[in-house]
Amino acid sequence: MELFPRSAARAAEMAGMCLDTSASKRRILWVSALALVVLGVAVVGPLHAETISPRRLLEVVDFSDPVVSPDGKQVAFRIERASVERNTYDAFWYVQNVDGASLPHQIADAGVVLRDSAGIPLPATVVWSQDGRWIYYRAMINGKIDVWRAAADGSDAEAMTHDAADVRDFALDKRGYVLRYSVGATREEVRAAERTEYDQGIRIDASVPIGGQGLFRSSFVGGRMATSRYGKVWFNRVPLLTDVPVHWKAVNLQKQVTRNLDAADARNAGDDSDPDERYPDAWRLARSPEDARMAILIRIGERNGLRDKPDVRLSATLPGLHETVCAAALCTGKAITSIQWRPHSDEVLFTVTDPRLGLAQSIYRWNVRSGAVLPVAHSPGLLNGGRDPYSKCGVSFAAMVCVSATASQPPRLERIDLKAGTHQVLYEPNAALAQAMAKSSSVRLLRWKDAKGQVFTGQLYAVKSRSGAASPLFVNYYQCAGFVRGGVGDEWPFASLALHGISALCINAAPYLLDSIDRYNEGLAAVESAVKLLSASGEIDCAKVGMGGLSFGSEVTMWVAM
């Protein structure tokens with residue numbers, strides 16, 4: 001139980017709020033997170049507290065996007081797991097037969113898990129050789145990011161590039177003879193630029209992060225401590241010399257010879273030419289693995305103060321046909337979040353992430369030629385390629401291989417038959433925690449409206465009270481998709497709080513409004529209306545409400561406190 005007090009202490013103070021049933025009176029109660037824990041245990045008592053500890057929630061095994069081999073018989077995926085004891089993350093590549101006849105086998109070390117500035121793992125791109133004997137992937141090992149190749153049977157793994165610069169992207173030609181990859185400035189050039197700034201001084205301008213960090217090698221960027229600058233997004237950090245032009249190289253895998261690509265070859269080094277030139281309004285694109293067919297998602301509708309247009313239009317191109325728009329009811333007015341082609345077919349597979357159902361996901365297949373749309377699978381949580389709601393399943397003509405995760409079920413790997421829609425569990429490394437959640441946790445989807453009629457959803461981890469007394473409530477506001485654990489950033493162990501006598505509510509944020517006051521007031525309205533609802537039903541004590549969050553969640557927390 002070491003992690004819980006540390007997480008609580010990190011919270012400092014949380015805002016509390018109490019509303020009577022008429023909502024005419026409000027009083028603010030400030031409580032520390034640790035005091036709230038002690039209070040909850042004193043009021044309700046520890047209920048199976050040893051069953052789901054914060055450490056177990058932290059050490060959940062996560063999956064990367066599964067990728068199915070060209071023949072549809074094998075699937076490759078990376079698993080990542082935190083180790084509290086060793087203060088690190090372990091990551092390994094696995095391969096498993098899609099028929100589920102055998103357990104997966106570990107084939108290679110995936111190296112240091114590369115993350116963005118928010119700490120979220122970057123997509124673990126893997127490419128199969130055409131014969132299914134090898135997988136190719138980027139890995140940071142011994143301080144260098146190279147393209148590696150591992151045998152699908154686990155017999156061998158070796159670096160295919162040995163560049164002075166970190167590999168940014170790569171592509172394998174269809175025959176599997178040539179590996180193309182891109183690089184920027186060399187590692188030594190970046191280190192030299194950092195040392196020069198250290199010796200000569202740093203000119204502070206709008207690109208230099210100065211809040212809460214040092215100026216020299218104080219950010220963890222690209223798998224190492226680095227001097228950083230703001231990237232294209234204000235909170236994103238990039239290393240020095242990121243603006244050095246990218247250039248492409250090619251490795252002849254048979255002769256082990258590397259050459260620089262000229263401008264013409266470099267333009268064709270990726271999967272396709274720049275899609276923005278042909279589809280400037282596209283929000284998401286998916287190329288067919290066999291030819292030039294493209295599936296396209298475009299945001300449509302009036303913003304009305306929103307950052308993003310509210311609706312999505314799905315279309316696709318086929319040889320000899322104009323761009324075709326999906327007009328069926330199952331793909332119109334739906335929150336479509338990802339698209340991909342079913343191999344060797346005219347079907348586009350698309351995923352709907354329904355905000356009305358707490359970000360539950362459903363998968364459909366659209367035949368572009370006939371216009372027919374058929375359901376494939378549904379989950380009350382995520383059914384995709386991992387924790388990111390926009391990630392994709394692995395796919396062959398016959399089946400999809402997806403990562404399934406719900407509020408009460410930690411991630412596992414499933415095979416979904418594309419014709420019958422049947423599910424088969426392939427790999428469940430979190431089975432013991434799943435059993436503990438089923439036995440001890442009481443989590444359910446909550447759906448309610450505020451005073452203006454705005455609909456909100458959230459996952460409520462309710463206390464199983466033996467005394468019948470109303471419990472304290474902890475609230476988190478941001479995003480609650482899949483196996484939630486502790487909200488964005490995994491800051492708060494919801495299931496553990498509930499077992500210690502404190503109900504926890506993770507609220508899905510409303511669509512992002514550009515006006516910050518309106519945006520924060522929506523968060524306030526969501527919390528107020530949820531507390532009123534749960535207090536009226538006698539589930540929680542509205543005099544004992546705490547709140548915490550990360551990033552935007554912390555902004556809403558402070559707004560509610562004010």
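Buried, in this talk, means under 20% relative accessible area, exposed means over 50%, and partly exposed lies in between, with a 1.4 Å probe and protein chains only. Helices (H or I, at least four residues) and strands (E, at least two) are DSSP runs, numbered from the N terminus.

With those terms, take strand 21, residues 294-300. Five of its seven residues are buried, so the strand is mostly covered. Before going on, a word on the source. This is a predicted model, in which local features need pLDDT of at least 70, side-chain atom pairs count only at pLDDT 80 or more, and totals for chains, interfaces and linings use all residues. Residues are numbered from 1 along each chain as its sequence is written, and side-chain values use heavy atoms, with hydrogens and water left out.

Back to strand 21. Two strands pair if DSSP finds at least two bridges between them. Strand 21 pairs with strand 20, residues 284-287, in the antiparallel sense over four bridges. A286 has A295 of strand 21 as its bridge partner. Six residues lie between strand 20 and strand 21, and the two form a hairpin. Strand 21 is also joined to strand 22, residues 311-317, by seven bridges, again antiparallel. There, M294 stands opposite T317.

Now the whole chain. The protein chain has nine helices and 37 strands. Of its 562 residues, 51% are buried. Its accessible surface, from the Shrake-Rupley method with a 1.4 Å probe, is about 26,700 Å², and carbon and sulfur atoms hold 51% of that. A contact means heavy atoms within 4.5 Å. Among contacts with a separation of 6 or more, 51% are between residues 24 or more positions apart.

Five bridges link strand 12 to strand 13, residues 178-183, in the antiparallel sense, and F170 stands opposite Y181 of strand 13.

The other open sheet has five strands, ordered 33-34-36-35-37, and its pairing is mixed. Strand 33 (443-449) and strand 37 (540-547) are the edge strands, each pairing on one side only. On average, neighbouring strands here are turned by 30° against each other, direction ignored. Within the sheet, strand 34 (residues 455-461) and strand 36 (residues 503-508) run antiparallel and are joined by four bridges. L460 stands opposite L505 in strand 36.

A nonpolar core is a set of buried Ala, Val, Leu, Ile, Met, Phe, Trp, Tyr and Cys residues joined through side-chain atoms within 4.5 Å. The largest has 25 residues, and L473, Y477, L505 and I507 touch the most other members. Strands 33, 34, 35, 36 and 37, along with helix 8 and helix 9, each supply at least two residues. Helix 8 gives the largest share, seven residues. Leaving out residues up to four places away in sequence, L473 touches several others, including L460, L505, V531 and V545. A second, separate core has 22 residues, among them V60, A407, L433 and F474.

L433 also belongs to helix 6, residues 431-440, where the buried residues are L433, A434, A436, M437 and S440. Why are they on the same side of helix 6? Because they cover an arc of only 160° around the axis, taken from the directions from the helix axis to the C-beta atoms. A432, Q435, A438 and K439, on the other side, are exposed. The cover over the buried residues includes helix 3 (54-58) and helix 7 (494-499).

Last, a loop residue. V488 is in the loop between strand 35 and helix 7. Its relative accessibility is 26%, so V488 counts as partly exposed. V488 and Y478 are 10 residues apart along the chain, with their C-alpha atoms separated by 6.7 Å.

Methods
Axes are lines fitted to C-alpha atoms, for helices over the stretch in contact, and angles run from 0 to 180 degrees between N-to-C directions.
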